[in-house]
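Thanks for making time this morning.

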Amino acid sequence: MRPFAQSGNLRLRLTLWYGTAFSILLLLHIGVATYVHYSQLINRAYHAEIQDLETTEGLVYQAPDGRITMNEEYFNNPEIRMHLDRHLEILSPDGKVLYQDQRLDGAGIDGPLLPHEGVGTYNERATRLSDGRRVLVISHFHYIHGQPMILRVAYDEAPLFANVVSFLGVLLLLAPITVLIAMWVVFTVASRALSPLSSMVRRAEKITAERLSERLPVHDPSDDLGHAARVFNGLLQRLEDSFSQLRRFTSDASHELRTPLASMRSIGEVSLQTSHSNEQYRDVIASMLEEVRRLTQLVDSLLAISRADSGQIALRLTSFSCIDLIQEVIAVVGILAEDKHQTIFVADGPQIILHADRGILRQAILNVVDNAIKYSPASTEIRIEVSVASDSIAEIAISDRGPGIPPEEQSQIFDRFYRIDSGRSRERGGTGLGLSIAKWAVEAHGGNIGVRAAEEGGSCFYIHLPLSV
Ligand code: ADP
């Protein structure tokens with residue numbers, strides 16, 4: 001249930017995030033739209049006032065008693081009558097009120113005359129009537145019958161505000177509905193987009209160490225989820241490979257350990273069935289010690305492999321002569337070659353200085369030379385040659401006159417516990433791990449190891465090492 005709840009949560013969270021962001025943007029939008037609407041209304045009002053003022057100017061006249069009044073037409077003018085919130089005030093240049101609209105009810109348009117108010121232009125400003133009402137005022141300097149005067153037309157802002165408030169009200173009323181619709185759309189789209197994730201999660205839940213062959217469904221390999229699924233499937237593949245390698249290794253190792261143990265047990269059991277002379281007991285103990293030696297060798301190899309696998313081995317790099325290292329190896333295994341009347345010949349070659357972990361590299365060369373001695377017939381020659389394969393690669397080639405390695409098995413012999421003839425190899429004390437350890441040791445130095453047919457028959461194992469390492 002949990003993953004479902006989690007993917008549900010994600011959908012919900014996405015929707016809420018989107019809803020919040022959308023609401024903020026919508027509010028901003030409403031704010032800007034209202035402001036623009038308000039500015040347009042004001043502009044329109046000023047524009048109407050100017051037209052109104054022009055009409056009004058033609059209708060002002062001076063009565064015979066000197067009073068300034070409006071032509072009868074002014075009160076009957078349908079356009080002017082429409083402007084119920086319009087107020088008119090006429091002032092002399094010294095600020096005396098010459099005429100005032102009845103609708104002003106004695107309340108003047110606030111503020112004294114501005115310097116040069118309305119001269120040459122239409123002055124516009126927002127101000128208040130003396131009773132506090134907010135108005136938009138247009139003033140214009142005008143001559144009537146040669147008498148200078150200032151006409152002021154003021155529009156009440158209240159209807160304008162009412163218009164803006166109702167505009168804002170409609171937008172705000174629609175806003176939650178718009179936000180809800182947008183959130184519903186996002187929720188539906190997110191649900192659809194994330195549904196492959198739910199099926200991936202359901203499948204991933206079923207994957208256990210025993211069912212590593214399961215893979216996540218890839219709905220659309222080109223999208224992000226498809227890419228994630230492919231990456232995850234790649235990881236599963238690598239895990240599956242590692243697990244099966246580990247299982248194979250464990251079962252191979254147990255099998256290898258069983259053989260010397262079973263052999264020791266049967267030697268012991270057989271010798272206990274009858275009584276023997278001291279000499280015979282010594283032989284029995286010697287046979288058992290030989291098995292113990294094999295067991296120890298195997299356990300050492302297993303330990304080396306497991307330490308190498310866990311990355312615990314850090315290379316201790318030093319510089320040394322390659323030929324010196326080969327001589328050191330010959331000193332160790334030379335006795336085995338002597339037992340079989342074999343000769344180990346080291347060909348003249350360039351003086352190569354390696355920069356490597358001497359102990360680890362020695363083990364690699366030792367395993368290969370040891371194999372050459374083990375698998376070559378008696379009285380043959382083993383040839384070791386050091387050369388520079390290319391500008392920056394050193395080659396150590398170990399050739400023998402043994403049976404050689406069939407081409408189809410040349411890559412497999414470096415696998416753990418792989419033997420071409422397991423019976424004979426075990427007889428010769430092989431564990432099936434020597435070449436895999438050598439491969440690890442060479443690769444840890446950035447080199448590679450391989451085998452080819454030797455010119456004189458037999459096999460030629462070569463180790464390539466970068467000289468710059
Ligand atoms: P082992 O301990 O059995 O020798 P290795 O990993 O060293 O294991 O070698 C793997 C197998 O490769 C050996 O069992 C053997 O069959 C084959 N092999 C290795 N070296 C040689 C060689 N010089 N000549 C012939 N066969 C070889």
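This is a predicted model: local features need pLDDT of at least 70, side-chain atom pairs count only at pLDDT 80 or more; totals for chains, interfaces and linings use all residues.

Helices α5 and α6 are roughly antiparallel to each other, a term that covers angles over 145 degrees, whereas angles under 35 count as roughly parallel, 65 to 115 as roughly perpendicular and the rest as oblique. Their axes come within 9 Å and cross at roughly 170 degrees, with α5 spanning residues 224-273. Axes here are lines fitted to C-alpha atoms, for helices over the stretch in contact, and angles run from 0 to 180 degrees between N-to-C directions. The helices themselves are DSSP runs (H or I, at least four residues), numbered from the N terminus.

Residues are numbered from 1 along each chain as its sequence is written, and side-chain values use heavy atoms, with hydrogens and water left out.

Back at the pair of α5 and α6, the contact, meaning heavy atoms within 4.5 Å, includes F249, L257 and M264 of α5 together with Y281, M288 and L295 of α6.

The helix α6, residues 278-309, also packs against α10, residues 434-444, at an angle of about 35 degrees, with the axes 10 Å apart. On the α6 side this contact is made by S301, A304, I305 and A308, and on the α10 side by S436, I437 and W440.

Now to α7 (residues 322-339) and α8 (residues 358-375), whose axes come within 9 Å and cross at roughly 40 degrees, which makes α7 oblique to α8. Among the residues in contact are D324 and E328 of α7, and R358 and R362 of α8.

Finally, α4, residues 158-206, has 49 residues and reaches 70 Å from its first C-alpha to its last, close to the 72 Å expected at 1.5 Å a residue, where the expected span is 1.5 Å times one less than the number of residues.

Terms used: Helices (H or I, at least four residues) and strands (E, at least two) are DSSP runs, numbered from the N terminus.
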